[in-house]
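The structure is shown first, and the comments come after it.

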Amino acid sequence: MVFSTYIYRSLYIIIITYLLWKIKDFMIKYRRWRVATFGQNITTLGPIHPLWGSLHLFHDLASYFKLLGQIVEKERPKVYVYWSMFFYASFGVCHPDSAQILYKSSAPKAYGSGGAYRYLRDWIGDGLLISDGKKWERNRRLLTPGFHFEILKPYVEVYNSVTDIFLEKLESYAKSGEAVDIFPRVALATLDTILRCAFSYQGNIQHQGSKHPYVHAVNRLSYLTLSRCLKPWYQIDFIYQFSDEGKELKRLCDYSHEFSNRIIKDRQQTLKKEGLPTKRHLNFLDILLTAKDENGIGLSDEDIRAEVETFMFEGHDTVASAISWSIYCLGRYPEEQEKVYTEISELLEDGLEVTWENLQEMPCLTAFVKESMRMFAPVPGTARLLTSPMKFGDVTVPAGVHIDISIHSIHHHPDVWPEHEVFKPERFLKEEITDRHPYSYIPFAAGSRNCIGQNFAMNELKVMISRLVQRFVDVNNQ
Ligand code: HEM
């Protein structure tokens with residue numbers, strides 16, 4: 001009896017001490033956030049409500065970017081702050097000068113609550129996108145050769161054959177004049193591409209659509225991850241794991257890991273039996289399976305799976321978004337469509353595939369695609385965690401906070417983009433580019449953590465858009 005009272009008392013003291021320690025920790029951070037918000041000249045996203053913080057001013061990503069856009073237009077800040085309720089401050093940068101400081105620093109990815117990367121981890125593991133420090137450095141070094149142009153060159157054939165199916169699927173809509181929601185079709189095509197390039201997997205993806213269990217899993221996983229970011233109550237793991245969405249996510253992650261593991265194992269056995277194919281037929285998986293560091297040590301099975309799933313996530317939705325917005329711009333700006341059409345029809349013979357050499361001969365289309373990505377950044381923002389205070393001009397952002405890099409706002413900052421709402425591909429012709437701030441156009445981020453797949457993505461985009469323009473006239477003129 002005496003002994004159990006002693007245990008209870010000790011437990012009670014431990015819990016109270018822990019709570020007090022947490023409260024003290026929070027109060028120190030809270031005071032720092034208040035000083036950073038109210039003690040210096042920093043832009044806030046509208047007035048901060050004592051209870052809701054900034055949350056009453058926007059309710060989803062679109063309204064957040066709209067509000068931010070209005071403030072950037074009016075006040076032209078370099079840094080801003082908003083509060084989630086009364087107890088949590090988040091900061092953001094929206095000017096190329098501040099993006100340069102942040103991207104050049106070694107600030108890690110933002111994992112804490114509210115950090116999107118944290119919710120991706122169950123699915124894509126500790127791959128390049130999420131990992132940090134020594135692990136990231138080593139894996140980035142091992143994977144970089146996989147994006148060398150010699151490896152990317154043969155993928156042009158893959159982009160062409162995926163585009164053949166994509167165009168064939170659009171044919172009936174073009175004939176009937178029926179409207180078609182383009183994004184899901186493009187997303188199937190880009191998933192088909194990445195599966196062929198990463199695994200050499202030919203799964204009839206575009207014909208089966210979401211009836212294919214892996215397509216269904218990838219689509220739902222993308223949706224569930226975003227949905228979790230937008231629902232504050234799902235940010236508590238305990239609640240999330242018992243929710244319907246949390247259970248579905250777990251089931252789909254298990255399936256996706258099993259799918260990848262199976263393909264990895266099959267490929268390992270084939271390589272063992274047949275040896276490495278000639279360079280021309282190497283896929284990303286071959287590169288991952290054979291990569292070795294300076295000590296002759298390769299990637300573990302878990303690392304390989306994480307990288308493969310990272311490519312699946314990063315390499316299909318982003319490209320689908322870029323292609324879909326480019327198609328939207330073709331319809332929205334018919335005079336620009338005409339210029340692209342003229343260039344492509346002079347370059348490509350009717351019905352012929354795009355070659356690797358052709359990709360270097362499309363200045364007009366390249367500028368068009370770049371301007372589409374400026375107007376509608378496929379990845380509108382990234383985020384970092386500040387491990388030490390960082391100074392942006394006369395504003396200091398304290399350590400321990402998330403800081404967004406609003407790519408969308410940087411692409412529309414009036415200090416660097418005059419008439420930023422006007423669609424002008426000529427901004428990306430050579431002579432226009434020379435004087436521009438190096439961090440003013442960053443669809444693929446910048447610095448050491450920039451997008452490893454950017455050339456892969458640009459090539460895929462150019463093949464799909466040029467073949468689409470060659471085949472159809474987009475009259476979606478709204
Ligand atoms: C238009 C298409 C694409 C866009 C706009 C895009 C954009 C980005 C951005 C903004 C980042 C930085 C993320 C951050 O800082 O947190 C990034 C990183 C990354 N992207 Fe892409 N991406 C695209 C296509 C691809 C493709 C096709 C692949 C792979 C085949 C890919 C693989 C990656 C990886 C692995 C990273 C992490 C790199 C690292 O941290 O070392 N991306 N991408």
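This is a predicted model: local features need pLDDT of at least 70, side-chain atom pairs count only at pLDDT 80 or more; totals for chains, interfaces and linings use all residues.

1. Residues are numbered from 1 along each chain as its sequence is written, and side-chain values use heavy atoms, with hydrogens and water left out.

2. The chain has 21 helices and seven strands, both being DSSP runs numbered from the N terminus (helices H or I, at least four residues; strands E, at least two). Its radius of gyration, taken over C-alpha atoms, is 24 Å, close to the 23 Å that the globule rule gives for 478 residues, so the chain is as compact as a globular protein of that length; the rule is 2.2 Å times the number of residues to the power 0.38. The C-alpha trace spans about 85 × 60 × 50 Å along its principal axes.

3. An open sheet of five strands runs in the order S1-S2-S3-S7-S4 with mixed pairing, where two strands pair if DSSP finds at least two bridges between them. Strand S1 (43–44) and S4 are the edge strands, each pairing on one side only. Strand S2 (residues 79–84) and strand S3 (residues 88–93) are antiparallel over six bridges, and valine 81 stands opposite phenylalanine 91 in S3.

4. The ligand is surrounded by 29 residues (a residue counts if one of its heavy atoms lies within 4 Å), and the closest are Tyr117, Trp136, Arg140, Glu314 and Cys451. By class the shell has 18 nonpolar, six polar and five charged residues. Among the elements that each supply at least two residues of this shell are helix H5 (133–143), helix H14 (301–314) and strand S4 (381–385).

5. For polar contacts (pairs of N or O atoms within 3.5 Å), an oxygen atom of the ligand is 2.5 Å from an N or O atom in the side chain of tyrosine 117. A polar side-chain atom of lysine 109 lies 2.9 Å from a ligand oxygen atom, and a polar backbone atom of leucine 128 is 3.4 Å from an oxygen atom of the ligand.

6. The structure holds one cavity of 30 Å³ or more, a cavity being a set of points on a 1 Å grid over the protein atoms alone where a 1.4 Å probe fits but cannot get out. About 40 Å³ of space lies in the largest cavity, the volume being the space filled by probe spheres set on the points. Phe166, Lys169, Arg185, Leu188 and Gln206 line the largest cavity, lining residues having an atom within 4 Å of a point.

Note on methods: On a 1 Å grid over the protein atoms alone, a cavity is a set of points where a 1.4 Å probe fits but cannot get out, and a pocket is an open set with protein on both sides within 12 Å along at least five of seven lines; lining residues have an atom within 4 Å of a point. A polar contact is a pair of N or O atoms within 3.5 Å; within protein, one must be able to donate a hydrogen and the other to accept it, and residues adjacent in sequence count only if both atoms are side-chain atoms. Ala, Val, Leu, Ile, Met, Phe, Trp, Tyr, Cys and Pro count as nonpolar, Asp, Glu, Lys and Arg as charged, and the others, Gly among them, as polar.
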